Amino acid sequence: MGAGVVAMSEEIEGAAEEFERAVSRLRGELRSVAARVSPGVEPRAEERTADRHTAGGAMGKRFSMSLFLAETSYESAVGAAADAFAAAGWRTESRRSFHGHPFLRATREGFEAGVGAAGRTLRISGQTPVVWIHAQWVRPPRAATPETLKPGYRLCAVCEGWGSCRACEGLGFVNSRRCAECGLGMDCPDCRGTGQERVRRVAGGR
Ligand SMILES: [Zn+2]
Ligand SMILES: [Zn+2]
């Protein structure tokens, strides 16, 4: 693995499994809604997993999917869909889109789903909550302190002993963009992560 933003942030125990459970739960429930609406018809499916990164270095995942049922109008399907969602414990409400098209919205425990139609293609879609996989990044400890300096060295004037890049504080990213100062190296470019620099004698000095 390359520069380790992921390695430096802490993996939340059980989070990967929790994400997988959320994915299969959403898949199963949307498919059973589709089966209630059009029994025996295999819908076309689209699935997507998106990563979320926070400025503080946390990383989460959200899974979303859509099922498309051809030759199914909204009017013929919405009743069965609403019943299927309600039976599985979702809260449903009828809405209208910005363009005036009706759709059914369903929510439960951070999961969101919707049923709408474009012409005679019914779309049943949903997304899991964001499941946080890696916790907030924690700044590494100081590389050098006045007590740990080697003889003839002083604290790095740039990072003051932290050893990590002062622009990104060792995270590698600034506002979700690769840090321009360290280029993801994350170490202070001046002292290369040691936090200290050799005391130079200045001309005319002692
Ligand atoms: Zn430094
Ligand atoms: Zn940096």
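Modeller: A disulfide is a pair of cysteine sulfur atoms within 2.5 Å. By this rule the predicted model has zero disulfides.

Biologist: Which atoms coordinate the zinc ion (ligand 1)?

Modeller: The SG atoms of Cys156, Cys159, Cys188 and Cys191 coordinate the zinc ion (ligand 1), at 2.3 Å. Along the chain their spacing reads C-x2-C-x28-C-x2-C. Cys156 and Cys188 link distant parts of the chain, being 32 residues apart. Cys156 lies in the loop between strand S8 (153-155) and strand S9 (173-174), and Cys188 in the loop between strand S10 (177-178) and strand S11 (196-198).

Biologist: What makes the arrangement around the zinc ion (ligand 1) tetrahedral?

Modeller: Four donors count as tetrahedral if all angles lie between 85 and 135 degrees. Here the angles are 103 to 116°, so the arrangement around the zinc ion (ligand 1) is tetrahedral.

Biologist: Why does Cys159 count as buried?

Modeller: Buried means under 20% relative accessible area. Cys159 has 4% relative accessibility, so it counts as buried. Cys182, at 15%, counts as buried because of the same cut-off. Both Cys156 and Cys188 are buried as well. Of the 206 residues of the protein chain, 36% count as buried.

Biologist: How does the radius of gyration of the protein chain stand against that of a compact globule?

Modeller: The protein chain has 27 Å, whereas a compact globule of 206 residues would have a value near 17 Å. The C-alpha trace spans about 90 × 35 × 25 Å along its principal axes.

Conventions:
Residues numbered from 1 in each chain as written. Chains lettered and ligands numbered in written order. Predicted model: local features only at pLDDT ≥ 70, side-chain atom pairs only at ≥ 80, totals over all residues. Heavy atoms only, no water. Donors = N, O, S within 2.8 Å, 3.2 Å for Na, K, Ca; no water. Tetrahedral: all angles 85-135°; square planar, octahedral: opposite > 155°, others 65-115°. Helix = DSSP H or I, 4+ residues; strand = E, 2+ residues; numbered from the N terminus. Buried < 20%, exposed > 50% of the residue type's maximum accessible area, 1.4 Å probe, protein only. Rg over C-alpha atoms; globule rule 2.2 N^0.38 Å.
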